[in-house]
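Hello,

Here is the structure I promised to pass on to you. Please open it alongside this message, and my notes follow below.

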Amino acid sequence: MFDWLSDNRALIAAVLILLALVSFVATIVIGRKQSAIREKDEVFGDPERNKRGWYWAVCGVSALFLIWFYYSWGTARAFFPKAANELCQVAKLDEALSPINAALPATSRYYKSTTLVARNREQLEALAIPAGIFTAAEQAQSQALYAKVSSLLALQSDPSHLGQDARNELEALATGLSGLASDLEARAKAGNDAPSAEALAQPSWGTTHVEIPLLPETARGVAFDAIAMQASGLAKSFTRIRNHPPEAEALITEIRGEIDALQEAQASDPAMQEARDDFLKAFERIFRRLDDGTIFPAAALNGVEAAIDNLDKASMVAQGGLSWVAFAFFPGGEIVKSRTQCTEQGTGRWLPKPTDVVAQLGQLANPNLEDGGGFKGTTLLWWKWLPIADIVAFFVPDWIADVMPGDYARNNELGEVNPNFKDHVLAFAQGDIYMGAIPMLDGHIWDSLFRVIVALVLGVVLGVPLGIMMGVSRFFKSFFDPLIELYRPVPPLAWAPLILTIFGIQDDGKIFLLFMVAFAIMVISARTGASGTQLSKIRASHSLGASVGQILRHVILPNAMPEILTGIRIAIGVCWGTLVAAEMLAGTTGVGFIENVARTVSDYELIWVTILIMGVLGLVFDMCMRWVIHKTIPWRGKG
Amino acid sequence: MADLVATDLCMTFTNPQTGAKVEALKDVNFRLKEGEILSVLGPSGCGKTTLLNIVAGFINPSSGTVALDDEIIKGPGADRGMVFQQGALFEWLPVEKNVDFGLRMKKTGKAEAAAKVDHWLDTVGLQGFGKTPTYQLSGGMQQRVALARCLVNDPEVILMDEPLGALDALTREKMQSLVLELWKETGKTIMIITHSVEEALLLGERLFVMAPRPGRLHKEYRLPFAERGLNESLREIKKDPEFSRVREEILTMIWDMEEEIMGRV
């Protein structure tokens, strides 16, 4: 079942997209009708105007899904499942031609030769002869060298001096490319290229870790694949073409000889010698870049450029409707061939398709670890048997056994160790005695939840009493205020390195970090709530004979309840955010841990799955708290 | 002899920043006999509320004493019940939990407390409202709850700080009758602070008019209207020429005091 769903995710996506479209349109119709009805009873600005309206919620969700499907190329995969494979073949041609294109102003703004000449000229002008390193004769000679290098640049850039070999080779290349263009057009028109059996057996787009099937699956694809192979050969021959005009050869020999001579001549002063060597080395470096013949006159490449243009046009013709599909359904990126694979780049890469995210979530949620479920040996959310002994060991400290009278057992003369009562107590305190097990939640999500819940409970249990005391007592307020106000504004993550060092990377450290966050929030909210008690209520309770303790318990605490519950709601949100970040720093379980691993391997699907999990859990928390607030303090603001 | 006795009561407030002193009360002496009902009138700032707060024990006088039952008042206590202008109900508790608050604080038995709550809710006209949240009640009903909450504790003196000030005219009149009924029925000593001259005349068996700067007792009246109000309609009493005369006299008195203050500022 799961495999079938996984293999047919394009089909499922197609159905979902159509449903989303229908509901998007339908809810707009419903919404407009409803608005027309209500407009009559509600003036603009009436607070009733923002109540209810499920249809707009559905409309928004549909729009969100449609945008997600569109920019993740889910729509493309749903309705043009072969498009990626064909675009991969087109990309192969682009990749094959890239060495030639790199020399032309097709992919960059300038000819590669233009860039080289500009850079060499610039460096030559910037290189000044330091004063005093040369004798007068040498000085004149080196100034002449500048002029010679300059005229070498001119020779290589002059079309009339282009070497005959290069001329022939460039012509042959242009012819070859033109041949490819007509060949491509003809093959695409004929459309009778058959894909290989191996190609047809490939898994479809996006169902395995190989994103896009590499081998051509369609006639058009086969044509592009074949042309790309030939183009790759032509491109290789292009990289071997050198511009060596005979005049330049002579000039090169002359310049090299002069540089060698200058290098051999010694200066009298050793300090001068060093400056002299540096200058000559720098000069030689510029010259070396000019003597290998990679600079061509711009006009010499005209033929090749026209042939490439031709091939591009032929490619557009051969692509036909495919180029429109690429334009309309592959927004924000393109399919790129690099080395041995074709990959989605742009939004298609970092925004996984909704169906893929669900598939990834399904795989994570699978509690069967042997079957590839869970993540790194832990389920997402499941249950396990928790030995009671572990809980006992957590609460019973080992020193209980240490302080008992008597000694621990020792090895006797028979070479045996017979544990005595004290040993048994120690085993009990260390959780080594099996006492049965209870079912307990387990998994990454539970680990995260557990940390938040424990920290929150501690924060509430300790923070609320202190906050209330700070709300009613000058001493408590002033004594603890500096402490809390100093540590509270520090971002929790700034504490993290310190806390993790002190308490370790396991639960203790994270719980303490979250506790610090929750504690400050609870103290401040309880304090605000307590200090906001109306004086008349306090006086009334005094007059009714309540003691200080009773007033705290029966008047100030209930009065602070709305603020305390709001504080809990805020604390949950902040703790949740901090926890995920803390888990990304260190640890081996938790939702943040999953995202951290996903980040290091650039697994965008997994990243989105964790983002979704966090968002949904945060939403669930907040809805629970809203429900609790609604149920427990309906009297809020009505006193 | 559960009389409320104020002896040479002075209250001076000092502004902690400027050190400026304000004499809120100066040499206030009175004796309120058990079962008397007293209303206190005066322009704003004459120390009415300060006087009430001292009697309630919320603040201590600078000098002089207030004694109840010959015992000097040093702090708030259950023997002096308070009713505030806004009810000061505990909105998180339903009506019956508000009413039995004092009993719960004293750890009275549940059955006894329930019986008392029922009795007093009946008396103030709130039978069947025990489970209702207080925030769902109207202002008049909230004030009835406040009265019941105070009475259920069986205080010796009931102190009311403008208890009916926030109510509409009709509700106010009904509540005035209720206060008189409760006074008759319980025989409690009652002290009412009010802004309304009419209310002071109707409810006060005795009436103090206070004068400001320094706050002091200016004039005392003994009036027959509260006693008459137990049997007669309050509206009839208001038509009495004697009622109108005293009302005009007091109004003029307070008007003059206000004018004097304005002139001084």
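This is a predicted model: local features need pLDDT of at least 70, side-chain atom pairs count only at pLDDT 80 or more; totals for chains, interfaces and linings use all residues.

**A strand pair in chain B**

Thr14(B) sits across from Lys21(B), a residue of S2(B).

S1 and S2 are part of an open sheet of four strands in chain B, ordered S2-S1-S4-S5, with antiparallel pairing. At the edges are strand S2 (21-32) and strand S5 (71-72) of chain B, each of which pairs on one side only.

**Domains of chain B**

How is chain B divided by the domain assignment? Domain 1 is made of two segments, 4-79 and 159-264, while domain 2 covers 89-154. Their C-alpha centres are 26 Å apart. Where the two domains of chain B meet, 11 residues of domain 1 are in contact with eight residues of domain 2. On the domain 1 side of that contact, you will find eight nonpolar residues, two polar ones and one charged one.

**Where the chains meet**

Chain A contributes 17 residues to the contact between the chains, and chain B contributes 22. On the chain A side, the elements giving two or more residues are helix H24 (535-543) and helix H25 (548-585). H24(A) gives the most to this side, with six residues. By class, the chain A side has seven nonpolar, seven polar and three charged residues.

**Chain A as a whole**

Chain A holds 27 helices and four strands. Why do I call chain A more spread out than a compact globule? Its radius of gyration is 38 Å, well over the 26 Å that the globule rule gives for 639 residues, so chain A is more spread out than a compact globule. Along the principal axes, its C-alpha atoms fill a box of roughly 115 × 80 × 80 Å.

Buried residues make up 31% of the 639 in chain A. Taking the contacts in chain A between residues at least 6 apart in sequence, 78% join residues at least 24 apart.

**Two residues of chain A to look at**

Start with Arg242(A), which lies in the loop between helix H10 (219-240) and helix H11 (246-264) of chain A. Is Arg242(A) buried or partly exposed? Arg242(A) counts as partly exposed because it has 14 C-beta neighbours inside 10 Å, and a buried residue would need 20 or more. Setting aside neighbours within four places in sequence, Arg242(A) is in contact with Ala166(A), Asp292(A), Gly293(A) and Thr294(A). For another distance, Arg242(A) and Ala118(A) are 124 residues apart in sequence, and their C-alpha atoms are 19 Å apart in space.

Then turn to Lys384(A), placed in strand S3 (residues 382-387) of chain A. With 14 other C-beta atoms within 10 Å, Lys384(A) is partly exposed. Not counting residues up to four places away in sequence, Lys384(A) touches Met440(A) and Asp442(A). Gly443(A) is 59 residues from Lys384(A) along the chain, and the C-alpha atoms of these two residues are separated by 9.0 Å.

Best wishes

Note on methods: Residues are numbered from 1 along each chain as its sequence is written. Chains are lettered from A and ligands numbered from 1 in the order in which they are written. Domain bounds come from an automatic or database domain assignment. Two residues are in contact if their C-beta atoms, placed from the backbone, lie within 7 Å. Ala, Val, Leu, Ile, Met, Phe, Trp, Tyr, Cys and Pro count as nonpolar, Asp, Glu, Lys and Arg as charged, and the others, Gly among them, as polar. Two strands pair if DSSP finds at least two bridges between them. A residue is buried if 20 or more other C-beta atoms lie within 10 Å of its own, exposed if 12 or fewer, and partly exposed in between; C-beta atoms are placed from the backbone. The radius of gyration is taken over C-alpha atoms; the globule rule is 2.2 Å times the number of residues to the power 0.38.
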